[in-house]
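Please walk through this structure with me, one contact at a time. Keep the sequence and the 3D view side by side as you read.

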Number of protein chains: 2
Amino acid sequence: MFSKACEYGIRAAVYIALQSLDGRRVSVNEIAEEIDSPIAFTAKILQQLSRNNIIHSVKGPTGGFEIAREDMDAVKLNMIVKAIDGDKIYVGCGLGLKECNAQKPCPLHDKFVDIRTDLSKMLKSTSLFELATGLEVGLTYLKR
Amino acid sequence: MFSKACEYGIRAAVYIALQSLDGRRVSVNEIAEEIDSPIAFTAKILQQLSRNNIIHSVKGPTGGFEIAREDMDAVKLNMIVKAIDGDKIYVGCGLGLKECNAQKPCPLHDKFVDIRTDLSKMLKSTSLFELATGLEVGLTYLKR
DNA sequence: TAAATAAAGGACATTTTTGTCCGATTAATG
DNA sequence: CATTAATCGGACAAAAATGTCCTTTATTTA
């Protein structure tokens, strides 16, 4: 569904949000450790998220990554997915046809649109804050 | 969503089914031409489908690929997907966690299960025959 | 102001996916 | 029985995704 990069990106963003709720800024090393991901690869992904203004980075000692409380509400999963995987999840034919639309649909078009609409709605309506608070109260987990 | 191999596999299977409805056995070359896919790569995928008894192959002159009328009903999309992509679409965590289940869910677990259940239902309930007949009456397309 | 710390970024390495080529095998037909 | 047409299968090639290493840049603090 998502690329590895995107999986790490979402997990990292949720972890950063969780720590930011406690006012803690976190380093790539801590993030990679806590979400069980490759450090350098995770660093690249965090750069992408930072460039897309999804998370905020601070250089130098005491630096690291953080997310403002308001941004946790504003940032929805679809923004993270788009920043990392582009819009290929939302766009294009399920069977790989170049042209596929209601006028000239592939055999799976309608059924595919249904699934994708649901996925899209879910991603657009799920905020980082929602995911981070689930973690905070111990309902969900990020590791293993 | 699906790998390229799986996209080609589904398109090929639908085309073979369509032609089999007319009693025509088709060659890899014709299939690749008609579904606009790389020939040799398509041949590999057809071998996989053949080994999994999803399509039937006949060697030698007048040979090619075909699907019996009964099999078009029996073969559902999930069987093709499984033969080519394995069960990674149905199994495993959306965020890539090794352990992720109702007892120890990732932050996206429940929402992911919903989407995947829908996808799974759709694939399990869609037969090759259904897709081939849509093509036959000109409601859907396989190329471009 | 020097040292230390952390992200940024470029180059490179590995693995997986996608795709190609060619000889071997099978079967129909003249 | 030779020729030809088709799939089968293995080895190879190219491209994309994943992952690593190392240098540079920014910033804090002693």
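**A bridge between chains**

A:Lys98 and B:Asp36 form a salt bridge through their side chains, with 2.9 Å from N to O. The term salt bridge stands for a side-chain nitrogen of Lys or Arg within 4 Å of a carboxyl oxygen of Asp or Glu. A:Lys98 sits in the loop between α5 (77–85) and α6 of chain A, and B:Asp36 in the loop between α2 and α3 of chain B, so the pair joins two chains. Helices (H or I, at least four residues) and strands (E, at least two) are DSSP runs, numbered from the N terminus.

Before going on, note that this is a predicted model, in which local features need pLDDT of at least 70, side-chain atom pairs count only at pLDDT 80 or more, and totals for chains, interfaces and linings use all residues. Residues are numbered from 1 along each chain as its sequence is written, chains are lettered from A and ligands numbered from 1 in the order in which they are written, and side-chain values use heavy atoms, with hydrogens and water left out.

How exposed are the two partners? A:Lys98 is exposed, because its relative accessible area is 67%. B:Asp36 is partly exposed, because its value is 28%. The cut-offs are these: buried is under 20% relative accessible area, exposed is over 50%, and partly exposed is in between (1.4 Å probe, protein chains only). The areas come from the Shrake-Rupley method with a 1.4 Å probe, and for residues only the protein chains shown count as cover.

B:Asp36 has another feature. Its phi is positive, about 60°, although B:Asp36 is not a glycine. The residue lies in the loop between α2 (28–35) and α3 (39–51) of chain B. B:Thr62 also has a positive phi without being glycine, near 65°. Look for B:Thr62 in the loop between β1 (56–58) and β2 (64–66) of chain B. B:Thr62 counts as exposed because its relative accessibility is 69%.

Now turn to chain A. A:Asp36 is placed in the loop between α2 (28–35) and α3 (39–51) of chain A. A:Asp36 is partly exposed, because its relative accessible area is 27%.

Over all chains, the count of salt bridges is 13. One of them pairs B:Asp73 with B:Arg69, at 2.8 Å from N to O. Both residues lie in helix α4 (residues 69–74) of chain B. They are 4 residues apart, about one turn of the helix. B:Asp73 is partly exposed at 35%, and B:Arg69 is partly exposed at 36%.

Another salt bridge in chain B links B:Arg24 and B:Glu30. Their closest N and O atoms are 3.1 Å apart. B:Arg24 counts as partly exposed, because its relative accessibility is 37%.

**The chain and its copy**

From the N terminus, the order is α-α-α-β-β-α-α-α-α. The C-alpha atoms of chain A fill a box of roughly 55 × 30 × 30 Å along the principal axes. Chain A has 144 residues, and 50% of them count as buried.

A:Ala5 is found in helix α1 (residues 4–21) of chain A. A:Ala5 is buried, because its relative accessible area is 15%. A:Ala5 and A:Asp85 are 80 residues apart in sequence, yet 8.0 Å apart in space, C-alpha to C-alpha. Compare another pair. A:Asp36 and A:Ala83 are 47 residues apart along the chain, and their C-alpha atoms are separated by 21 Å.

How do the two chains relate? A rotation of 180° with 0.0 Å of shift along its axis superposes chain B on chain A, with an RMSD of 0.0 Å. This is the relation of a two-fold axis. In chain B, the C-alpha nearest the axis belongs to B:Met1, 2.7 Å from it. The copies are superposed by least squares on the C-alpha atoms of residues with pLDDT of at least 70 in both.

A:Asp110, A:Asp114, A:Asp118, B:Asp110, B:Asp114 and B:Asp118 form a negative patch. A patch is made of residues with over 30% relative accessible area and no salt bridge; like charges are joined within 9 Å, and nonpolar side chains (Val, Leu, Ile, Met, Phe, Trp, Tyr) within 5 Å. α6 (109–125) of chain A and α6 (109–125) of chain B each supply at least two residues of the patch. A:Asp118 lies in helix α6 of chain A. A:Asp118 counts as partly exposed, because its relative accessibility is 32%.

Terms used. Lys and Arg count as positive and Asp and Glu as negative; His and the chain ends are not counted. The place of a charge is taken as NZ of Lys, CZ of Arg, CG of Asp or CD of Glu.
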